[in-house]
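The sequence and model are shown first, and the description follows.

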Amino acid sequence: MTLDFAALITSLDLPAKVRLLTGASAFSLAPEPSIGLGEMRFSDGPTGVRGLKFVGGRVVSLFPNATLLASAWDEASAYEVGKLLAEEAMAQQIHVVLGPTINLHRSPLGGRLFEAYSEDPLLTGKLAAAYVRGMQDSGIAACLKHLVANESETDRNTVNSVVDEATLRELYLLPFEIAVSDGGAWSIMGAYNDVNGQAATEQQHVNNEIVKGEWGYPGLIMSDWFATKTAAAAANGGLDLVMPGPDGPWGDALVAAVEAGEVKEAVIDDHLGRLLLLASRVGALGDQRDWPSSLPSPSSAVRREQLTRLAAAGMTVLKNDGGTLPLERSSSVALIGRHAVETIDMGGGSAQVNPPHQVSVREGLRELLGDRVTVTDGVEVRTRPVPARNGFLTAPSNGQPGIDVTIYDATGNELETRYCALAKTMIGMDDDFAAPAASARLSGVVAATGPVELGVLGVGDWSTPVAEPFALRVSGGGIGEEVLTPPARTFVVESPGSLLFEATVAFEDMGLYGLVGNMASRETVDVIDDAVRAAAAADVAVVVVGLTEEQETESVDKTTLALPGAQDALIEAVAGAARRTVVVVNAATPVLMPWLPRVDAVLWAGLPGQEGGHAIAAALLGDIEPAGRLVTSFPAADGASPAWSVTPVDGELRYDEGTFIGYRGYYAGKAAAPAFWLGHGLGYATWEYSDVRLVLGDAPSVTATVTNTGTRPSREVVQVYLRPVEPDEPVRLVGWESVTVAPGESARVTVHTDRRLWRKWNAQAGAWDRLADGGEFLVARGLGDIRATLS
């Protein structure tokens with residue numbers, strides 16, 4: 001059916017038009033039956049489709065994080081991820097998934113880098129475009145986020161990112177441009193920050209002049225949640241949709257601005273036309289779409305195979321002396337570390353979902369090796385309390401892992417009782433109570449014996465049986481703290497037995513509330529002594545270390561790349577006692593490795609999703625080759641990167657490194673050489689390159705023969721970088737291609753370079769120029785392993 005958007009828009013009066021341009025709830029848009037517009041439903045992504053509840057909603061699949069998926073350097077895999085996420089969305093009747101995140105890894109300190117693909121704009125853009133096509137081929141809209149220069153979390157709601165025009169266009173806008181032109185993304189999300197003094201939600205230059213003007217983008221630009229502060233300025237600045245609802249800065253204020261002549265009604269009509277186009281694309285306008293009745297469940301065998309394979313394929317072998325990996329199945333293994341028993345499978349913030357399970361490395365390796373694996377818990381890795389996990393608390397209502405929460409209004413009337421499997425719940429954000437919530441009672445049963453830590457988290461006035469009444473308050477660090485990093489308090493209980501732990505809280509606004517529960521921490525020296533004894537008794541020690549959602553999270557940036565706690569000391573001690581030592585890094589972003597010379601192998605495992613333990617075990621044993629290549633460079637020390645600081649000065653975060661971020665800056669000598677370069681990854685084979693040739697054209701190609709000189713089938717990623725002749729132009733990735741080759745066999749590979757990397761922005765002319773003729777191609781297995789140079 002052909003829809004006449006103009007006629008539909010004309011049929012509505014101004015207040016009705018404006019009403020449709022603000023969310024009806026936290027994650028939905030209002031229907032308008034008079035024009036055949038149904039409700040549209042949004043969900044956070046990109047590591048799973050959480051649904052309409054921010055916390056404690058439907059059980060859904062937890063995917064590997066973006067950097068891990070991107071490490072496959074494989075557009076086909078990115079397309080598959082988009083298709084699978086579309087299935088997850090259709091199972092919940094979700095029309096729009098808020099992903100992918102395509103901001104760049106400017107500084108390795110960025111807390112939200114785990115959601116984003118890479119430090120390179122071409123790699124990010126091409127993978128995002130494939131992800132978008134996979135999702136939208138199923139009729140589910142993708143949403144590119146966050147437009148633009150949104151590479152850090154510190155003061156993210158107020159910071160002014162100061163970026164020159166060439167850097168903005170050549171780096172930070174390029175992934176969006178590629179995902180729009182190659183992927184056809186149906187929606188984009190504006191960021192919280194300002195860009196060169198103007199809010200991203202009011203960006204006349206970016207939103208109107210570049211995206212909608214130069215790119216001819218027909219899609220919709222929505223705000224990040226609570227990011228919009230103005231009516232007329234945002235409407236005139238290219239923002240089409242304000243989220244969330246039902247309240248917001250538009251409504252009557254925007255109607256009044258139109259009536260006062262501050263905003264033309266034609267601008268409102270353009271916004272609404274884009275919204276109706278999105279609605280028609282996702283099947284919410286006119287004939288409503290039919291949702292599939294049968295899709296794989298999050299715990300189905302097919303979904304578990306897909307998520308295991310995708311996670312393991314992106315894992316990256318950083319070091320492998322003497323063929324230590326893959327492990328021999330006959331070996332005895334000492335598995336050591338807190339991350340081995342509590343594997344971190346997702347980052348913090350809006351990317352979190354409610355998965356059916358999270359498989360630990362302990363579970364995954366024991367399934368394959370049985371009693372040849374001994375397990376030793378590691379040193380403490382957290383400084384902040386977190387909701388009870390691993391069944392430490394059980395709900396009184398059903399005996400299942402989690403807690404019960406009863407919510408009351410101001411007069412003490414019960415509004416709702418809910419079971420919360422994750423021992424936490426959101427109150428006041430996406431609820432529909434008969435009256436405003438004012439207090440809650442949280443309860444869980446502690447069956448453990450011996451010293452335990454119990455506690456609470458959430459803003460409010462608390463009362464518990466183990467402490468005098470106390471209050472928890474936010475620090476004032478920025479909007480969203482009540483939801484993303486709520487304050488907490490813990491207490492040590494010596495002999496809990498089967499204790500019913502109840503806490504009550506009175507509050508005034510929405511927030512995240514939960515109960516904390518875990519065994520009290522042991523002395524570090526005792527933990528390390530146990531680990532050393534276990535390592536000395538085994539053929540090989542596998543130490544699993546990493547970060548947690550304290551470091552890799554929305555709303556907070558890191559202050560160091562060092563592993564938290566005494567994990568470095570644990571590795572050093574184990575390496576001194578073990579015959580062979582393998583370190584698995586359970587983190588999405590770079591960490592420092594002072595122990596690197598003293599261990600035999602290192603496997604970077606990212607945040608591997610719900611099947612994380614299965615995927616890591618498969619990679620360690622070679623059942624699935626960990627053929628990943630790094631998507632961001634690993635600095636050798638704190639501060640040793642071309643762009644480091646994420647802390648604004650006088651409200652400004654200046655991108656003074658220009659286009660020399662990441663590997664571009666390292667190669668130009670802007671910082672000491674990294675520990676590992678972009679593109680590094682050993683896989684489980686060795687390779688020879690021969691007969692490397694250049695094929696000229698508007699965007700030249702490179703051909704090469706690659707030979708697998710190892711003993712196992714393996715996947716190689718042939719990377720091509722351009723080193724321009726101009727001294728002020730950085731080296732840049734211009735293309736890549738992968739191939740899987742049997743041992744002893746060869747394959748001819750052709751890498752087509754992307755013409756968008758052959759240009760530079762001329763600020764004086766306000767236009768693109770082509771790079772000067774000349775320069776060199778670097779054909780490489782990562783910039784630290786260049787195999788051929790072509791003029």
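## Strand pairing: β29 and β32

Two strands count as paired if DSSP finds at least two bridges between them. By that rule strand β29 (residues 701–708) pairs with β32, since 7 bridges join the two in an antiparallel arrangement. The model is a predicted one.

Strand β32 covers residues 746–752, and its side chains alternate along its length.

## Strand β30 and its two partners

Strand β30 spans residues 714–723 and is mostly covered, with 9 of its 10 residues buried. Strand β31 (residues 732–741) runs antiparallel to β30 and is joined to it by 9 bridges. In this pair, S714 is placed opposite V741 of β31.

Strand β35 (residues 776–780) also runs antiparallel to β30, and 5 bridges join these two. Here R723 has E776 of β35 as its bridge partner.

L733 itself belongs to strand β31.

An open sheet of 6 strands has the order β10-β26-β25-β24-β11-β12, and its pairing is mixed. The edges are formed by β10 (316–320) and β12 (373–376), each of which pairs on one side only. From one strand to the next, the twist averages 20 degrees. Within this sheet, strand β11 (residues 333–336) and strand β24 (residues 540–546) run parallel and are joined by 4 bridges. L335 has V542 in β24 as its bridge partner.

Helix α18 (residues 612–621) lies across β24, β25 (581–586) and β26 (601–604). The helix runs at about 145 degrees to β25.

Helix α14 (residues 361–369) packs with α18 at an angle of about 50 degrees, and their axes are 7 Å apart. The two helices are therefore oblique to each other, and their crossing is right-handed. On the α14 side the contact involves V361, G364, L365, E367, L368 and L369; on the α18 side it involves G613, H614, I616, A617, A618, L620 and L621. By class, the residues of this contact are 9 nonpolar, 3 polar and 1 charged.

Helix α6 (residues 165–172) and helix α8 (residues 204–214) have axes that come within 14 Å and cross at roughly 50 degrees. These helices are therefore oblique to each other, with a right-handed crossing. E165, L168 and R169 of α6 make the contact with H205, V206, I210 and E214 of α8. The contact of α6 with α8 has 3 nonpolar, 1 polar and 3 charged residues.

## Four-strand sheet

A further open sheet is formed by 4 strands in the order β16-β23-β18-β21, with antiparallel pairing. Its edge strands, β16 (424–427) and β21 (488–493), each pair on one side only. Neighbouring strands are turned against each other by 15 degrees on average, direction ignored.

Strand β18 (residues 452–457) is joined to β21 by 6 bridges, and the two run antiparallel. L457 has A488 of β21 as its bridge partner.

## Buried residue T67

T67 is located in helix α3 (residues 66–70). Is T67 buried or exposed? Its relative accessible area is 0%, so T67 is buried. Not counting residues up to four places away in sequence, T67 touches H105, L113, F114, A116, Y117, A588, W604 and V631. One of these, W604, lies within the residue range of β26.

Key. Residues are numbered from 1 along each chain as its sequence is written. This is a predicted model: local features need pLDDT of at least 70, side-chain atom pairs count only at pLDDT 80 or more; totals for chains, interfaces and linings use all residues. Side-chain values use heavy atoms; hydrogens and water are left out. Buried means under 20% relative accessible area, exposed over 50%, partly exposed in between (1.4 Å probe, protein chains only). Axes are lines fitted to C-alpha atoms, for helices over the stretch in contact, and angles run from 0 to 180 degrees between N-to-C directions. Angles under 35 degrees count as roughly parallel, over 145 as roughly antiparallel, 65 to 115 as roughly perpendicular and the rest as oblique. A crossing is left-handed if the near helix is turned anticlockwise from the far one by less than a right angle, and right-handed if clockwise. Contact means heavy atoms within 4.5 Å. Ala, Val, Leu, Ile, Met, Phe, Trp, Tyr, Cys and Pro count as nonpolar, Asp, Glu, Lys and Arg as charged, and the others, Gly among them, as polar.
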